[in-house]
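This briefing covers selected features of a single model. Please consult the sequence and structure shown below while reading.

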Amino acid sequence: MDSAKQRQNAKKFIKEWKGYEKGETQKFWISLLQDVLGIPQAVRLLDFEKQVVVDGQTKFIDAYIKPTKILIEQKGASIDLNKKYKQSGGATLTPFEQAKRYAADLGKNLYPNYIVICNFKEFQIHDMSDPNAEPVIIKLEDLPTQVYRLAFLADVEKEVTAFEQKISVEAGEIVGEIYDALLAQYANPNNPDSLKSLNKLCVRLVFCLYAEDSGLFSTHLEFHDYLRKYSADARTALIQLFKVLNTTEDKRDPYLADDLLAFPYVNGGLFADEDIEIPKITPTIVELILKKASEGFDWSLISPTIFGAVFESTLNPETRRKGGMHYTSVENIHKVIDPLFLDELKKELEAARILKVPAKKTKRLEEFRTKLGSLTFLDPACGSGNFLTETYTSLRKLENEALRELYHGMMAFGEGLNPISVHINQFYGIEINDFAVTVARTALWIAESQMMKETEDIVGQNLDFLPLKSSALIHEGNALRVDWNEVISSSRLSYIIGNPPFVGHQHRSESQKRDMDIVFGETEENTGKIDYVGAWFKKSCDFIQHTNICCGLVATNSISQGESVGALWRPLFKEGIEIIFCYETFKWISEATENANVFCVIIGFRDGRMTAIEQKRIFKKDGIVIAKNINGYLADANNVFIENRSKPRSGMPKMIKGSQPTDDGNFFFTENEYKDFIQKYPEMKPMIRQFLGAREFINDTKRYCLWLQGIPESRYKKNKEIISRLKKIAEFRKGSPTESVRKDAENSALFTQIRQPNNDYLVVPSHTGEGRKYIPIGFVPSNIICGNANMLIPTDSKYIFGILESSVHMAWMRRVAGRLKGDYRYSPMVYNEFPWEKGISDSQKKKIEECAEKILEVREKYSDWSLFDLYGSSMPLDLKKAHEDNDRAVLKAYGLTSKATEQEIVSKLFELYDKEAKEIEQEKKKEEEKSKAASKKRSGKTK
């Protein structure tokens, strides 16, 4: 509920409750929470007359708010809240002291966060974290201006969202039961046409249940009473009802039963198909609909934004098989639509509301309403329509606020004049699933109905919702193959929004690969590393060329990391596209277990050649960064693209992957297996080496491997255990789909890829958790075999170690590296492309080396700690200080202060990278010009 509505309701509340006595406690508090604070079904949160035993006597707490642990002591209007009164046990206590006695006996789990004392004239609020402090006092007469101070009673937004989610999931479960019961009655339940009919039937039943609870039908329980009356032949009753709902009153058979003729004409296509297959409606199904779905549930309370997706997931065979329902949360939808357009619209409304001159204010508010009615939206992967539904609801809430201001100004709307400017025919969607299309349309109709009820309360008129006057324009089809101009012309569109499918590039189906080819062109070079979601970005960018359309899409974070950045964003930026806002990587909120570890970004973009955007924003976990430019890595920096070179910049030693066994585990020994083997065959000890995978490196555990490189076969061919292992390796490799591995079956004594250096080396694990500030990096002796889960650099340089283990390099890694779920995925590209500051002096290098040495010394102090422990949440203070000293030294060497933010570090590194890339390009051009000149000179001599 918006603040203006709260103030208005608070004024009504004062008039209604002034001077009431204690017997009205329950009604008073339900009304306060529900009508003033806007918490639906507030009675569910309140526990009245809660028993508590004090000094052996049973007492009753007037009210207790369960979610927020608030104890309420309510007194009559004649009671002075500061005066002591004699209790039944003989003690003399103030109302607060009385409440404290109750609180003490509630136990630890129920001990209140706040105690609120009230006498219908004022509220005394005691914060129990400091019970001796003076209470906050709010007079009832001041409630309209002080209502925000009661927000602590229940986290309104949180409670409303939780309530709507709970209600919508309950509704989905009811529909699921009805679906299963109806499915069992179909002659051929596996027939696709029967399943489509069943889906349509469920949508119609839900609409009827919603219509009778929300007042769309003539009377409450009208559908319920009709079905109960004709339950003996419920199938025929439903067929006749659906036909009536699709027929205007003037064209109906006048001889139909009066209870049928009483139903309104619905329109909108929901009941248009008279050929849907309806099975036998058994008494059990009738009872389920009447008792559980109609009498036992209030459908008017559902959130169409959430319920549409829950409904679609419940009835979609694919999601039912996966065993979970999921939807884009309202919170995540607003991460897209708020910065894209809603924040600015709210500011515009507020600017109109504070105008003092009535005529100017009215004109500005009417212009605002007209603007709202002119905006158009497309979700090209709309699913069950939750983005469109939430956007529609948000715009209608703004319009209702504008109407409230106008209505207070005594603006009159004429008879039959609809004061609503925002309609669902401003909202367009494309969706490949036919059932989701139907659900999306229905969700928008429900949202329209709910918002119309709010408008009726504001303008004091009854507004006819039925017959449906506008259509939800959801187009069924494959969005990547449909011409979007056939859905809505780009010249009429305002915004593109949505959450396209999450499919990794390696998991695309053949049909999805074809979709990518159609959008990008049939070049694997263009699409090979881009996730499926990238096709929606590309198609959106093509669609918005030379328009003012702004887009906001959710995507897997891969499109802003690693090699896919250049593949996707380089051509888009060349076409004039610019990123106007983004959310850095965050974990997707979903009810689906299969999506539990999806990490996403949100990116807003437009054609940058059109009207300039004043501010570009990067939304981070710890705040908002105002950026000059947002590049493909979602950094405030120039549009630089990191290459994937085979050699590092600035002449540094090359980074490579560790050696790869491809052995199905047959090269390896646990520590105990190694000891047993050596005890049994001591002569074989030189053939077994310690092996270091990422797990062993970080957790300081030991594993061993056969290492037969350079060892003649004659030395081990008589050892049955070794020969048995090599035979298993050969068989495993023969079954590989990779030709080179199959060839290596003949050489089963060796790893398939050997990259072991002859000297000591620096190890960087390929994967590390996102919670670590520093990747654990360390030196390893050459006699330990490095596995392919690590990267290695053959060097003992403390300077290189100091740079790589610094906050500067970590900032680069976090921006450039790919990800595996939430973990960072370090690759040679991160190291090879890292911009080394060329201007670092010898003294600065020496300082970095000293700091690096100190880090290693401190690690030695904790030799019984693993790197996992050292670099976890409880990093020892002296190690933390050693790292901070190293960070300061590296930052200074890069010309940055010790207080530089990660965003500033990244901007500096991209600047250095861009500068070096341009220098390399200039050098190449000079070389090419020299070569051409030399060639021309040789050609002249030949003549």
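Just after helix α18, Gly-521 adopts a positive phi of about 100°. The model is predicted: local features require pLDDT of at least 70, side-chain atom pairs count only at pLDDT 80 or more, and totals for chains, interfaces and linings use all residues. Residues are numbered from 1 along each chain as its sequence is written, and side-chain values use heavy atoms, with hydrogens and water left out. Helices (H or I, at least four residues) and strands (E, at least two) are DSSP runs, numbered from the N terminus.

**Helix α18**

**Packing around helix α7**
- Two packed helices are described by the angle between their axes and the distance between the axes.
- Axes are lines fitted to C-alpha atoms, for helices over the stretch in contact, and angles run from 0 to 180 degrees between N-to-C directions.
- The axes of α6 (residues 192–214) and α7 come within 7 Å and cross at roughly 120°.
- Helix α6 is therefore oblique to α7 (angles under 35 degrees count as roughly parallel, over 145 as roughly antiparallel, 65 to 115 as roughly perpendicular and the rest as oblique).
- Leu-205, Cys-208, Leu-209 and Glu-212 of α6 make the contact (heavy atoms within 4.5 Å) with Glu-222, Phe-223 and His-224 of α7.
- For α7 (residues 222–229) and α10 (residues 283–295), the axes come within 10 Å and cross at roughly 170°, which means that α7 is roughly antiparallel to α10.
- In this pair, Phe-223, His-224, Leu-227 and Arg-228 of α7 meet Ile-289, Leu-290, Ser-294 and Glu-295 of α10.

**Nonpolar cores**
- A nonpolar core is a set of buried Ala, Val, Leu, Ile, Met, Phe, Trp, Tyr and Cys residues joined through side-chain atoms within 4.5 Å.
- The largest such core has 115 residues, and Ile-496, Trp-569, Trp-836 and Tyr-894 have the most contacts inside it.
- A second, separate core of 95 residues includes Ile-333, Leu-395, Cys-550 and Phe-619.

**Lys-59**
- Lys-59 belongs to strand β2 (residues 57–65) and counts as buried because its relative accessibility is 18%.
- Beyond its neighbours within four places in sequence, Lys-59 contacts Lys-50, Gln-51, Val-52, Val-54, Ser-88 and Tyr-102.

Methods. Buried means under 20% relative accessible area, exposed over 50%, partly exposed in between (1.4 Å probe, protein chains only).
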